[in-house]
Amino acid sequence: MAATESKRSSYFMITPMALVFTVFLVVPLLTIIVVSFWDYDEYRILPDFIFENYRYLLGSPVTWKIYLNTFKYAALTWLFTLLIGFTVAYFLAFHIRSLTWQIVLFMVCTIPFWTSNIIRMISWIPFLGRNGLLNQALMGMGLTDAPLEFLLFSDFAVILADVHLYTLFMVVPIFNSMMRIDRALIEAARDAGAGAWNTLRHVVIPLSKPGIAIGSIFVITVVMGDFITVRLMSGGQSASVGLQISNEIGLLQYPAAAASAVVLLLTVLLIVAALLRLVDIRKEL
Amino acid sequence: MTGNGAIELIAVSKHYDNTIAVKSINLKIPAGAYCCLIGPSGCGKTTTLRMIAGHEVISEGDLLIGDRNVTELPPVKRGTAMMFQNYALFPHMTCLENVGFGLKMQGIAPAERMERARDMLARVQMESFADRKPAQLSGGQQQRIALARALITRPSVLLLDEPLSALDPFLRARMRDELRRLQQELGITFVHVTHAQDEALALSDMVVVMEDGVIRQQGSPEEIFNRPRSRFIANFMGGQNIFKGVVGHSDAQSIMVTRGPDSFILPAHAGTQTGSEIEFTIRTDLIGLADAVPPGSENAAIPVEITTVEYLGLSVRIVATTTDGKDITLMKTESEFRQAPVRRKEKFIAYWKPEHAHVLA
């Protein structure tokens with residue numbers, strides 16, 4: 001009697017969470033999966049069960065090119081956000097001694113987030129453009145004769161904007177990991193004869209791994225699914241998987257978009273699974 | 001890195017922004033000595049240790065280790081190694097990797113490194129734990145690993161920051177023996193910070209008592225325990241009854257002191273002036289109880305009433321109160337107590353031998 005009572009109350013307690021997950025995650029996801037097997041023509045989507053969407057998607061060389069391009073964006077953005085994020089977190093965690101200053105500087109890092117992503121992206125355009133501030137400054141100083149074309153509407157611009165947008169996603173978890181490192185360990189390393197580099201390599205980096213993994217998951221999943229940055233910053237000259245899906249939706253090819261989305265989801269899940277195999281993040285949660 | 005492990009601090013000070021943690025201390029620790037720095041928290045003992053270790057910058061003064069001035073050198077170049085209070089073992093490395101870390105930093109090849117690390121693990125009886133992570137070990141085991149890690153670079157000085165404070169009393173006594181044995185085997189200088197007087201007495205060749213950033217007294221354990229220089233040290237080291245009195249008469253042999261209606265005779269002490277107030281101590285185990293003043297203890301006795309009798313197993317602790325309300329503690333071995341048991345509310349004369357009284361400076 002008491003056992004069934006407690007069982008019932010357990011179910012009762014998980015109900016709100018279960019409902020939220022069902023309505024906002026499971027149902028939409030199932031819908032996408034179902035739709036990805038439907039048929040479509042120029043005007044309509046037709047309930048069906050065909051593999052044509054997947055066959056077309058996976059058989060098209062365009063898809064492979066787009067995936068390659070997206071991986072390139074994700075990898076480069078990951079690399080730069082990791083380098084910058086780790087450095088910033090290291091500085092905040094180990095070189096700023098007072099907690100007050102740590103909090104102040106941490107807040108400073110978040111200030112860019114007070115404006116929307118789109119605004120922050122667009123604000124690069126007058127800076128990087130052919131007649132933008134940077135080109136004028138470079139030419140004014142006599143460093144270049146002609147405007148640098150690669151600055152805007154290029155892969156460079158896409159990655160620059162991604163790094164700018166997502167570095168903080170790296171800083172926060174790495175900083176969190178670093179703050180948990182017992183300072184006595186740094187002293188113990190120094191006591192054993194480790195210089196700054198060896199302490200970083202053998203103590204700080206291994207103990208920051210969970211934060212690095214969490215930050216990497218944030219950055220990679222966001223960049224893999226991104227379409228607006230690619231569209232704006234490449235000026236329509238490059239594509240990503242997200243952009244492809246967005247274009248298919250624009251053409252009302254919902255089943256094709258759904259199939260693309262499913263493949264993208266699986267790809268990202270594989271990457272996350274690989275990261276979790278490498279690093280045990282449980283102790284960080 | 002082995003060299004002479006003699007340590008000398010010359011007018012060493014440590015200031016933080018507005019506070020002074022250590023005030024111009026001078027200290028010489030002979031090579032191969034076991035030295036305990038003892039004092040209440042905030043007395044500067046840990047700061048002093050960390051300055052010797054090179055983990056705290058010396059604000060003023062010089063530090064010599066083995067006749068080399070090492071004031072500005074990093075820890076490895078000093079030939080010191082430190083064992084941290086909570087051991088500070090690297091949680092992501094196995095015990096073997098932890099122990100071998102110092103050798104790795106010296107660039108010693110993996111094969112030799114592993115072999116030496118295994119030898120060191122064997123030395124602390126931890127060879128079967130080589131592949132465990134520190135989190136899988138008990139406190140005592142972690143401590144052995146920390147000890148092995150500190151000793152692997154063959155330092156001439158080992159610095160220990162409250163190494164036993166995290167252990168339970170039984171383990172503490174065992175690790176104490178081991179530390180002493182290891183120190184004697186290795187013959188290197190140990191500097192050990194503690195706030196436990198029993199630890200300091202049991203381990204040291206040399207005890208240094210600190211208070212408020214200065215050294216109050218240094219000497220052998222017997223000296224510190226039997227001849228404390230001040231009330232603070234007598235209280236801190238324990239085992240003493242402290243009396244206060246006014247000097248009536250003093251000559252080359254003795255001092256007469258009055259305390260209310262009683263007068264006491266004390267061994268001579270330089271610089272005592274008639275009419276000044278002095279303090280003297282008598283060890284708790286050197287006071288006897290009798291019905292009348294025994295011969296030889298005239299002017300070394302005081303009437304008391306027993307207020308507490310506490311049975312402690314090997315010994316019995318008796319608290320007796322004088323007519324003016326001062327508590328005196330007496331320690332008797334259990335067999336002594338059995339021969340002459342006392343009870344609460346009984347009245348006696350507490351007496352001692354005049355030469356057992358010690359005048360505080």
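Predicted model: local features only at pLDDT ≥ 70, side-chain atom pairs only at ≥ 80, totals over all residues.

Mentor: What follows covers the chain contact, a helix pair, a sheet and the domains, in that order.

Trainee: How many residues does the contact take from chain A and from chain B?
Mentor: It takes 14 residues from chain A and 16 residues from chain B, where contact requires that the C-beta atoms, placed from the backbone, lie within 7 Å.

Trainee: And which elements give two or more residues on the chain A side?
Mentor: Those are α9 (183-191) and α10 (196-225) of chain A, with α9(A) giving the most, 6 residues. Helices here are DSSP runs of H or I with at least four residues, strands are runs of E with at least two, and both are numbered from the N terminus.

Trainee: How do the residues on that side divide?
Mentor: The side of chain A that touches chain B has 8 nonpolar, 2 polar and 4 charged residues; Ala, Val, Leu, Ile, Met, Phe, Trp, Tyr, Cys and Pro count as nonpolar, Asp, Glu, Lys and Arg as charged, and the others, Gly among them, as polar.

Trainee: At what angle do α3(A) and α10(A) pack?
Mentor: Helix α3 (residues 61-95) of chain A packs against α10(A) at about 145 degrees, with the axes 9 Å apart; axes are lines fitted to C-alpha atoms, for helices over the stretch in contact, and angles run from 0 to 180 degrees between N-to-C directions. The residues that meet include A:Trp78 in α3(A) and A:Ile212 in α10(A), and the contact divides into 9 nonpolar, 6 polar and no charged residues.

Trainee: Switching to chain B, what order do the sheet strands take?
Mentor: The 5 strands form an open antiparallel sheet in the order β15-β19-β16-β17-β18, where pairing needs at least two DSSP bridges between two strands. Its edge strands are β15 (288-290) and β18 (327-333) of chain B.

Trainee: Which residue is the bridge partner of B:Val316?
Mentor: The partner of B:Val316 is B:Lys332 in β18(B), and β17 (residues 315-322) of chain B pairs with β18(B) over 7 bridges.

Trainee: What about the domains of chain B?
Mentor: The assignment, automatic or from a database, gives domain 1 (7-231) and domain 2 (241-359). Their centres, taken over C-alpha atoms, are separated by 40 Å, and 4 residues of domain 1 are in contact with 4 residues of domain 2.

Notes
Residues numbered from 1 in each chain as written. Chains lettered and ligands numbered in written order. Contact = placed C-beta atoms within 7 Å.
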